[in-house]
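Reader: I would like to learn how to read helices, pockets and cavities in a model. Can we take them one at a time?

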Amino acid sequence: MMVPKAIQADAKVLREEINAHNHRYYVLDDPQITDQAYDRLFRQLQKLEADYPVLQTADSPTQRVGSTPATHFESVQHEMQMLSLDNAFDEAEMFAFEKRLRDRSQLESETLYFTAEPKLDGLAISLLYEQGLLTRAATRGDGNTGENITANAKTIASIPLKLRGKDVPKRLEVRGEVYIKHADFDLLNQQQGESGGRVFANPRNAAAGSLRLLDSRITASRPLTFCSYGIGTTKDVDLSNSHFQRMLMLKKMGFPISPFIECVSGVEACIEYYRSVMKKREDLSFEIDGVVFKLDDIQLQEKVGFVSRAPRWAIAYKFPAQEVMTTLLDVDFQVGRTGALTPVARLEPVAVGGVKVSNATLHNMDEIMRKDIRIGDVVIIRRAGDVIPEVVAPVSNKRKQDLRQPQMPTHCPVCNSEVVRSEGQAAYRCTGGLVCDAQRKEAIKHFASRKAMDIDGLGNKLIEQMVDLDMIHSPADLYHLDLPQLSGLERMAEKSANNLLSALQNSRLTTLAKFIYALGIREVGEATAEALSAYFGSIETLQKADIETMQQVEDVGPVVAENVFHFFQQQKNRLIIEDLIGQGVNWPDPEVEIAADKQPLLGRTYVITGTLEGLSRDQAATQLKALGAKVSGSVSSKTSAVIAGEKPGSKVTKAESLGIDILDQAAYEALLK
C-alpha cells in the first residue's frame, strides 16, 4: 500500500512526540502534557496505523507499554509481559469491545461475565513471592524489562512481606498499583513546599517519584499505598478459572484488593457499574481515572489472547476529563497560621468535574517560576475529587504577548510586616506573628479545633468576627470572654453565648499532648506532641529543654527541635501559656516513657467508629494509647479490631470484608480490663 508522504511525516512526528512524552513520564517523572492530551496523540497514531498498516513498526509506541527504564536501578526481565490496557471513552466503544470478544471467542449468545473495579491512578508494579516471602519487586518499565525496587517496596505497609495462610504457593507473582491518597498527597506537598523540596503535580507523579528513589529511607517517609489487581507467573498453586475468585484468594493471602471489585454480567451491567463508580468518584479518598473490565473466565481470556501491547480481554473505560483550560486573571497571596504566604490563582470561572472553580492553588513561587506561569495566561486547571483545584501548567502556544510574572510581595498583604524567606526553604513568611490578623485568626482556629482544645461551638466565622472586632488577640483571650461580650455579637443569642462559655469551661481540662498540639508550633503534629509530652512530662520541663535534648525524642529531628526551641524562646508565647494556665487550663500528669510490660496492647492497632455511651472517641483513643495501642482513622489489613458504637459507618463493612474483629462497647470495656 502506497502511503502519502504527508501521512508518513505525520506518523513520524507523532511517534517522536509520544516517545518524548513517555520518556518524561516514565523516566524523568516530569510530564509536560495532560493525560487527555497524551490520549489524543496516542489515538491519532493508532488511527493512522490502522488506516495504513505498513506504518506500524516494531518500535512504534503503540507496540510498547511504556518507556525504557532508568539505568540507575538493576534491570528485571519480566517472565510474563506486563501489558497495558486499551481504552474506551463512550458506551459505543464498550459495545464494540463486547462484539470483538464474541467474534474471537465464537460465543454468540452466552452471557459474558466481567470482573470490574475502579482504575487506580498510580504506578504498576510486580511482586514476586518465593516460599511465601517477598523476594523481588519491580516496576513495569516497558512491559518486558522493569527496575528492581525491592528495598523501596518493602517500606510500603500495605505490601505483605510474608503471605498469610499455611498452604502458600512455592512461587507467586502478584501485580498491582502503588498510589497515594488525596489527603496524604496534600500533606506531602505541603511538607515538600515548606521544606523547599519538589512539589508534585499530582498523586500519581508523587507515587512514581517516591517509589523510584535510590534512598529507601526517603521512600519509607512517603505515604504510599498498594492495591493488587492480578496474578502473573505461579508455581504449585491451584488457581480458580475465575479472575474474581483469584482476587479473593489474594485477599486471603494478605493482599489489599479494591473494596469496590465486583463480578458483573454483560456489557450493560458494565456500563451501569461505570456510572455508579463515576457518581462515587468525588467522594473517594484516592484518585481514579476510569473503570477496568476484565473477562472473568481465564480460559476465555487465553482463547481471546492479546495484541503486542494490550490484552484483548480487558479494557479501561475512562472518565471524562477533569482538566480544563481557563484564563489566569490575577494572583493573590494568602497568609497561613505559620505566616507562610501561599499564591492563589484568581481565574475566569470554569466548571471542572461538575464544580464551578474560580480559585486554584499555585503551591509556591518556585513552582510558578518553574512552570513559567504569567498573569493573563491560558492555563490548565485540574480538580481531583475534594482536592483543592490546582494550576497544572500554562498553555504556551496561546500566549500571544509579553505577560507579567507574579511577584512575591515584600510586605504582608494583611499587616504590612516584612516578608522573608528562610535559607533553603521554598516558603516566604510574614514576620508579623500574632500582630498579623491572618495569622492570629488561623492560630486561634487551630487552638480551638477538635484535635486540639476541642471548643465546641467556636466556629471559624465567629473567630474571624471576634478578631476583626479586636475582641481577641491570642488563644488565651478566649478564656477572658464573658456573656455581655458574646451575646452582643452578630447572630449570637444569649443561649448560644452561654453554650460557648460552657464549652470554654469544659475545654479547660485537657491533656499535655493536646495542649502542646494546640499551641500551633510549626511541624508539630499530634504524634510529635504526644512524643514530647511522654518524654518531658510537663510544659515547664519542655520550655527549658535545649535543641540537643529535644532531638532525643523519638521522631524529633533537628528542624522540628529548632522550631520547638525557638517557639518557647519567644517571650510573647511564654506569656500566652502563663495566661492560659492562669485561666484554669490544666491536665493530669502524663505517664512518662511507660515500660513495655505496662502496655499490654503494644503492637496492636484499633479503629473507632460510631458513638460510644458516656465516652467520646477521643477519650477512647486516649485510653487505648495509654495501654500501648495505636489508633488509626482507617481500616486496613493491619487493623487488629474495630470498636463499633451506635450508628457505625462504613468502617464496619470494610472490617467485615477483611475478616477483622468488631468489638461492641461491652467487648471494648472488657478489653480495657
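Reader: Which residues of α21 are buried?

Author: Buried means under 20% relative accessible area, exposed over 50%, and partly exposed in between, with a 1.4 Å probe and protein chains only. In α21 (571-582), the buried residues are Asn573, Ile576, Ile577 and Leu580. Seen down the axis of α21, these buried residues fall within an arc of 100 degrees, so they line one face of the helix. The arc is taken over the directions from the helix axis to the C-beta atoms. On the face turned away from the buried side, α21 carries the exposed residues Glu578 and Gly582.

Reader: What are the ground rules for the model and the numbering?

Author: This is a predicted model, in which local features need pLDDT of at least 70 and side-chain atom pairs count only at pLDDT 80 or more, while totals for chains, interfaces and linings use all residues. Residues are numbered from 1 along each chain as its sequence is written, and side-chain values use heavy atoms, with hydrogens and water left out.

Reader: How are helices named, and what span should α21 have?

Author: Helices (H or I, at least four residues) and strands (E, at least two) are DSSP runs, numbered from the N terminus. The expected span of a helix is 1.5 Å times one less than its number of residues. For the 12 residues of α21 that gives 16 Å, and the end C-alpha atoms are 16 Å apart, which agrees. After α21 comes Gly584, with a positive phi near 100 degrees.

Reader: Which elements do the buried residues of α21 pack against?

Author: Contact means heavy atoms within 4.5 Å. The buried residues of α21 pack against α12, α16, α18 (539-544) and α20 (558-569).

Reader: How many residues of α12 are buried?

Author: Helix α12 (residues 437-448) is mostly covered, with 10 of its 12 residues buried. Among them are Arg440, Lys441, Lys445 and His446, along with Ile444 and Phe447. The buried residues of α12 pack against β12 (323-335), β18 (428-430), α13 (460-468), α16 (512-518) and α21.

Reader: How is empty space found?

Author: Rolling a probe the size of a water molecule over the atoms shows where empty space is left. On a 1 Å grid over the protein atoms alone, a cavity is a set of points where a 1.4 Å probe fits but cannot get out, and a pocket is an open set with protein on both sides within 12 Å along at least five of seven lines; lining residues have an atom within 4 Å of a point. Grid points are joined across faces, edges and corners, and a volume is the space filled by probe spheres set on the points.

Reader: What lines the second largest pocket?

Author: The second largest pocket holds about 180 Å³ of space. Its lining has 13 residues, of which Arg164, Lys251, Ser637, Leu658 and Ile660 lie nearest the centre. Helices α8 (243-252) and α23 (650-658) each supply at least two of the lining residues.

Reader: Which residues line the largest cavity?

Author: The count is one cavity of 30 Å³ or more, and the largest cavity has a volume of about 40 Å³. His78, Glu79, Ser126, Leu128, Arg136, Glu173 and Thr233 line the largest cavity.
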